[in-house]
Every structure is written in C-alpha cells, then in structure tokens.
Protein chains: 2
Amino acid sequence: MSSPNREAPSEADYLRLDQQICFSLNAASRAFGSVYRVLLKDLGLTYPQYLVMLALWEHGELPVKTLGEHLRLDSGTLSPLLKRLEAAGLVRRERNAQDERSVHIHLTDEGTALRERALAVPRRIAAATGFDLDEISNLRARLNRLTAALDTAALEENPSCADAVSEK
Amino acid sequence: MSSPNREAPSEADYLRLDQQICFSLNAASRAFGSVYRVLLKDLGLTYPQYLVMLALWEHGELPVKTLGEHLRLDSGTLSPLLKRLEAAGLVRRERNAQDERSVHIHLTDEGTALRERALAVPRRIAAATGFDLDEISNLRARLNRLTAALDTAALEENPSCADAVSEK
DNA sequence: CGCCATTAGATTGTGTGCAATTTAATTGTG
DNA sequence: CACAATTAAATTGCACACAATCTAATGGCG
C-alpha cells in the first residue's frame with residue numbers, strides 16, 4: 001500500500017503508530033507513572049505531588065508562580081494540587097504581605113520530615129530503569145533538547161503568542 | 001549541604017528536580033502535547049484520539065481490547081474516548097456476533113477520509129522537534145527499552161501481579 | 001489622584017489515565 | 001447440564017493537564 005515504488009518512505013509510512021516518537025515518549029512517561037505510583041503510595045503522594053515536594057525540599061518556600069515555572073505547570077493544575085497537599089498537612093499556603101496577589105508555599109514540619117522517607121526513591125527508580133547513570137544523563141539531555149525545540153516550535157506555530165516571541 | 005566530603009553524590013543529590021529523568025520525560029511528553037494540540041485542532045482530534053485513529057487507519061477495524069494493547073490503555077480510558085469519536089462521526093462501535101462481550105471499532109467513511117488530512121502531521125511534528133530521522137529513531141529505541149524495563153520492574157514490584165509474572 | 005493594563009491565583013469545563021467495581025457473556029470443570 | 005472462574009467493556013471515583021475565564025491586587029501614566 002505505502003511506498004509502491006521503492007523510494008524513500010512516503011508520508012503515509014510516518015502515520016504508523018510505531019513510528020511516533022511521541023507515542024514512545026508518552027508510553028515511557030506512563031510506565032514511569034506506574035512505578036512511581038507503587039513507590040510513592042507509602043509516602044501518600046502522587047507523582048505530580050512528589051515533583052512539587054522535590055521543588056520545595058530543594059528551594060524551601062516558593063511562590064506558586066515560581067513553582068509553576070520550575071514544573072512547567074499553571075495555576076489551573078497547581079491550585080487544586082496544592083490544596084490537596086495542604087489538606088495532607090505537608091504544606092502551608094500564605095499570602096505574601098508585600099504583594100497580596102502572590103501566595104507562597106511553605107513546608108510544614110511534617111512536609112520537611114517526609115524528605116527522609118523519600119531519599120530511597122530515586123535509587124529504586126534508577127534500578128527499575130535498568131539504565132546506568134551515564135545513560136540516564138544522556139537521555140535526559142536529549143529530552144531536554146527536544147523539549148526546548150518543541151517549546152520554540154509551539155510559539156512559532158501559535159499566532160496568539162506572537163507578542164511573547166517578539167518581546168523576548 | 002549535600003556531598004559534604006567530596007565522594008560520589010549522596011542520595012540527597014538524586015532528589016534534585018533537574019536530576020529526575022522522569023521529569024524530563026514528562027516535560028517532553030507535555031511539550032509534544034502542546035504542538036499536537038495546535039496541529040490537530042483542524043482535524044477536531046485530541047492527541048490520544050489521534051493515536052486511536054492511527055491504530056485504526058493502520059489495522060482497519062479492531063476490538064477495544066486489541067486497541068488497548070496497541071495503545072497501552074484500558075477500557076476506563078478508551079470507553080469514553082471512543083464514545084466521543086463515535087459522537088464525532090469518525091468511528092462506529094459494533095458488538096461482535098461471535099463473542100458478544102467484545103466490541104469492535106470500525107472506521108466510518110468520514111473517519112477513513114480524515115486520514116488524508118492527517119498525512120501532513122508527522123512531517124510538521126518532525127520539523128518541530130528539530131531532530132533528524134536517525135536521532136528520532138535512536139531516541140525512540142531508547143525509550144522503548146526504558147518502557148520495557150519499567151514494565152518488568154512494575155510487575156516485580158507489585159505482589160498482586162505475581163500470577164501474571166509466574167504464568168508467562 | 002484616577003483609571004486602565006498587567007499580573008497572580010483561583011475557578012470552570014473538558015479530556016484523559018488509571019484503580020476498583022460492576023455487568024454480561026463465555027469458558028472450563030465436574 | 002450446572003456452576004464457578006474468567007474475560008471484555010462499561011462505569012465510578014479521583015487526580016492531573018490545560019484552555020478560558022474570573023477576581024483581586026498592583027503598577028504605570030497622564
């Protein structure tokens with residue numbers, strides 16, 4: 001059906017599911033999710049919540065805005081997620097006195113303490129991948145380059161972001 | 001704070017957000033989502049719906065079960081998604097006469113026709129990544145290997161799947 | 001000072017993902 | 001044949017993602 005006269009693969013060949021890099025990416029991301037789900041159940045965290053805790057353990061208290069920049073998430077995702085972390089007693093949300101628009105996220109003692117129990121997670125995840133540290137590092141670099149390229153392309157593609165492109 | 005005596009990095013270093021391969025993966029996956037969202041809006045498809053259509057264009061009619069195996073999705077995700085594709089007039093759902101438990105998904109004429117308009121998508125996506133075909137192929141292979149390793153680890157990790165492991 | 005554009009979060013609505021449960025059909029076994 | 005175990009989908013409940021909208025606070029600028 002495709003490539004009737006054996007030239008370079010036709011456009012049709014690129015519609016094959018197993019050719020889609022995004023599918024491999026998506027599948028790998030969800031496979032990670034399954035492994036994390038098991039490991040994080042003990043800590044009472046979901047995977048996105050774990051990422052938020054990583055950012056807080058690393059930077060201490062953070063405004064929602066900055067947290068979102070670190071995690072590439074907007075307030076539509078973070079607001080309810082942080083509310084659940086607050087309900088779990090891991091963080092506190094405090095209006096900034098200087099700028100009342102801003103909400104700063106603080107770790108509670110319980111949230112700080114949880115870090116000790118999270119220390120074993122990365123090693124167990126690394127073991128689950130079967131990759132050594134160099135391979136992981138290499139793959140991470142490629143993925144980061146890919147993400148940067150896609151971000152640029154998304155801006156160029158979307159006329160509504162023209163300001164953002166030209167302004168920077 | 002970490003690695004006080006300059007040995008190999010301590011466990012604490014591996015809690016850094018920028019060390020998490022899964023975060024890079026997740027970010028790349030979502031960055032792809034943004035680019036696809038723009039390209040697929042014309043076709044009236046979301047990205048997961050596009051993957052379903054790819055599988056159907058490739059294999060013709062498929063039972064939900066098989067579709068789920070191709071896409072690594074269960075009925076909890078596929079049932080409502082397929083209902084939306086049916087509402088959009090792209091697929092039909094038909095009970096199998098031989099096995100009434102099984103539902104087969106067929107392309108409508110409209111669904112088949114949509115393929116023509118999707119042909120340009122992969123090239124535009126490839127362009128957005130800035131990667132050449134070899135790089136994409138290489139990355140895909142690594143990701144597939146990673147996913148396979150994680151799947152294995154997830155089975156070993158989860159006692160409730162012990163049967164599935166030992167049976168095969 | 002007064003007013004408008006901007007900014008930070010929260011909210012709303014839609015669409016996945018996935019665990020757990022439910023329902024209906026089929027299969028295996030005595 | 002009867003009946004328990006299995007299987008395929010659908011359903012339910014929860015938690016992201018993300019676009020779009022809303023609200024409140026801030027920052028210019030005349």
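In the predicted model, 64 residues of chain A are in contact with 64 residues of chain B, contact meaning heavy atoms within 4.5 Å. The two chains bury about 6300 Å² between them, and carbon and sulfur atoms account for 66% of it. Leu15(A), Ile21(A) and Leu150(A) supply 11% of the area that chain A buries against chain B, more than any other three residues. Buried area is the accessible area (1.4 Å probe) that two parts lose on being put together, summed over both. Because this is a predicted model, local features need pLDDT of at least 70 and side-chain atom pairs count only at pLDDT 80 or more, while totals for chains, interfaces and linings use all residues. Residues are numbered from 1 along each chain as its sequence is written, chains are lettered from A and ligands numbered from 1 in the order in which they are written, and side-chain values use heavy atoms, with hydrogens and water left out.

Chain A contains eight helices and three strands. Their order along the sequence is α-α-β-α-α-β-β-α-α-α-α. Helices (H or I, at least four residues) and strands (E, at least two) are DSSP runs, numbered from the N terminus. Of the 168 residues in chain A, 43% are buried. Buried means under 20% relative accessible area, exposed over 50%, and partly exposed in between (1.4 Å probe, protein chains only). Among contacts in chain A with a separation of 6 or more, 45% join residues 24 or more positions apart. The chain exposes about 9200 Å², and carbon and sulfur atoms supply 51% of that area. Accessible areas come from the Shrake-Rupley method with a 1.4 Å probe; for residues, only the protein chains shown count as cover.

Cys22(A) illustrates the contact between the chains. Cys22(A) sits in helix α1 (residues 21-41) of chain A. Its relative accessibility is 3%, so Cys22(A) counts as buried. Leaving aside residues up to four places away in sequence, Cys22(A) touches Phe32(B), Tyr36(B) and Tyr47(B).

DNA strand C has 27 residues around it, of which Lys65(A), Ser79(A), Lys83(A), Thr46(B) and Gln49(B) come nearest. A residue is near a molecule or strand if one of its heavy atoms lies within 4 Å of it. A polar side-chain atom of Ser75(A) lies 2.8 Å from a base nitrogen of DNA strand C. The distance is 3.2 Å for a backbone N or O atom of Val103(A) and 3.1 Å for a polar backbone atom of Glu100(B). Elements giving two or more residues to the surface near DNA strand C are α1, α3 and α4 of chain A, together with α2 (47-59) and α4 of chain B. By class, this surface has six nonpolar, nine polar and 12 charged residues. Ala, Val, Leu, Ile, Met, Phe, Trp, Tyr, Cys and Pro count as nonpolar, Asp, Glu, Lys and Arg as charged, and the others, Gly among them, as polar.

Around DNA strand D there are 26 residues, and Thr46(A), Gln49(A), Ser75(B), Ser79(B) and Lys83(B) come nearest. The distance is 2.7 Å for Lys83(B), 3.3 Å for Arg93(B) and 3.2 Å for Ser102(B). Two or more residues each come from α2 (47-59) and α4 (75-87) of chain A and from α1 (21-41), α3 (64-71) and α4 (75-87) of chain B. The surface near DNA strand D divides into five nonpolar, nine polar and 12 charged residues.

Gln49(A) belongs to helix α2 of chain A. With a relative accessible area of 10%, Gln49(A) is buried. Gly44(A), Leu81(A), Arg84(A) and Leu85(A) touch Gln49(A), not counting residues up to four places away in sequence.

Most residues other than glycine have a negative phi. Arg72(A) has a positive phi of about 60° although it is not a glycine. Arg72(A) lies in the loop between α3 (64-71) and α4 of chain A and is partly exposed, at 35% relative accessible area. Arg72(B) also has a positive phi, of about 60°. Arg72(B) lies in the loop between α3 and α4 of chain B and is partly exposed, at 34%.

Note on methods. Polar contact = N/O pair within 3.5 Å; in protein donor to acceptor, adjacent residues only side chain to side chain.
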